[in-house]
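This briefing goes through a single protein chain, topic by topic.

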Amino acid sequence: MDTNKNRRRTTAMINPVWIMARYTLLEGLRNRFFWLLGALLGSGVLVALFAGQLAVSEIRETQGALLGGFLRLAAVLLIALLVLTIQLRELHDKGLELLLSLPISRSSYFFGKFLGFSLLALPVSLLCGLLVFSCATPEGAATWALSLYCELLITIALSQLCLLSFEQLPAAFGAVLAIYLFSRILTGLLQISRGPIMPQEGWMQTGLETALSGMAFLLPDLERFTRAEWLAYGAPDWGAMGFVLGQTGVCLLLLWGSALFDLYRKSL
């Protein structure tokens, strides 16, 4: 008896998540998602051809590095804008209030939206991985695509959090872009602050290094994600991919917790 009751309770919790995920997936397809994805891939082909014309030597490696860098940034921007526009439309059309007036918990709504966006991000990473396959080894392209998908999952959760916090597209997109770019260069900034070109004494240098170290503790080290040399010189070792997967899990837990706290404190 208890087993059946627990099973019904689990089913009742999971069903709203899948319903929200399906709704989000359909909403993304109605926004001409695959048209945008096709434009992204077509632009990537042009970038690869242009890179091949510029390179004097190591043409394949140059094409892979430039194509991978372009596709990485373009995929992140595409997913961020998709998440922000869909959720902003719900917010302005009072769709969020209507959904939460139904017998559905806020956590089910949030994770359903995240699952739907994650399903939309899957073909982005797969097709980008297939596109770079011509410029890389199979193992390098596969690990690059997996790391890109992890990066897109972080972008989705970050976009959800920023929109719940700012509730405006320019501010939310600016915050997502600033956090993403800062996470990409944070390790380099830390190395510069500890290098010989910076003064090693003084409160300004100590404060700068302390602030950067604190941000490095909170932000993901995206410099070690989806690296271009994986396409040019082969797949990374298991330690590098373990770091990517582990930091993705930790970062998602932090972003989910912050977003759910913000969502539950809102009076809708």
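A residue counts as buried under 20% relative accessible area, as exposed over 50%, and as partly exposed in between. The model is predicted. Its chain comes to 10 helices and 0 strands, and 43% of the 268 residues count as buried.

**Overall build**

- From the N terminus on, the elements run α-α-α-α-α-α-α-α-α-α.
- Among contacts between residues at least 6 apart in sequence, 79% join residues at least 24 apart.
- The accessible surface of the chain is about 14,400 Å², and carbon and sulfur atoms account for 68% of this area.

**Salt bridges**

- The structure holds 4 salt bridges, including the pairs described below.
- Arg72 forms a salt bridge with Glu151, with the closest N and O atoms 3.0 Å apart. This pair links distant parts of the chain, since Arg72 sits in helix H3 and Glu151 in helix H6, 79 residues apart.
- Arg72 is buried because its relative accessible area is 6%, and Glu151 is buried at 1%.
- Arg227 and Glu229 meet through their side chains in a salt bridge with an N to O distance of 2.4 Å.
- Arg227 has a relative accessibility of 26%, so it counts as partly exposed. Glu229, at 32%, also counts as partly exposed.
- A further salt bridge joins the side chains of Asp262 and Arg265 at 2.8 Å, N to O. Because the two residues are 3 apart in helix H10, about one helical turn separates them.
- Asp262 is buried, with a relative accessible area of 5%, whereas Arg265 is exposed at 56%.

**Helix H10**

- Helix H10 covers residues 238–265. At 1.5 Å a residue, its 28 residues should span 40 Å, and the end C-alpha atoms are 41 Å apart, which agrees.
- The buried residues of H10 are Met241, Val244, Thr248, Cys251, Leu252, Leu255, Trp256, Ala259, Leu260, Asp262 and Leu263.
- These buried residues pack against helix H5 (106–132), helix H6 (138–166) and helix H9 (229–233).

**Gln87**

- Gln87 lies in helix H3, which runs over residues 59–92.
- Is Gln87 buried or exposed? With a relative accessible area of 8%, Gln87 is buried.
- Leaving aside residues up to four places away in sequence, Gln87 touches Tyr109, Lys113, Phe117, Gln160 and Leu163.

**Cysteines**

- A disulfide is a covalent bond between the sulfur atoms of two cysteines.
- With a cut-off of 2.5 Å between cysteine sulfur atoms, the count comes to 0 disulfides.
- Cys150 counts as buried at 5% relative accessibility, and Cys251 counts as buried at 8%.

**Nonpolar surface patch**

- Which residues make the nonpolar surface patch of about 250 Å²? The patch is made by Leu26, Leu29 and Phe34.
- Leu29 belongs to helix H1, residues 2–30.
- The relative accessible area of Leu29 is 39%, so Leu29 is partly exposed. Patch residues need over 30% relative accessible area, and Leu29 has 39%.

Methods: Residues are numbered from 1 along each chain as its sequence is written. This is a predicted model: local features need pLDDT of at least 70, side-chain atom pairs count only at pLDDT 80 or more; totals for chains, interfaces and linings use all residues. Side-chain values use heavy atoms; hydrogens and water are left out. Patches are made of residues with over 30% relative accessible area and no salt bridge: like charges are joined within 9 Å, nonpolar side chains (Val, Leu, Ile, Met, Phe, Trp, Tyr) within 5 Å. Accessible areas come from the Shrake-Rupley method with a 1.4 Å probe; for residues, only the protein chains shown count as cover. Helices (H or I, at least four residues) and strands (E, at least two) are DSSP runs, numbered from the N terminus. Buried means under 20% relative accessible area, exposed over 50%, partly exposed in between (1.4 Å probe, protein chains only). The expected span of a helix is 1.5 Å times one less than its number of residues. Contact means heavy atoms within 4.5 Å.
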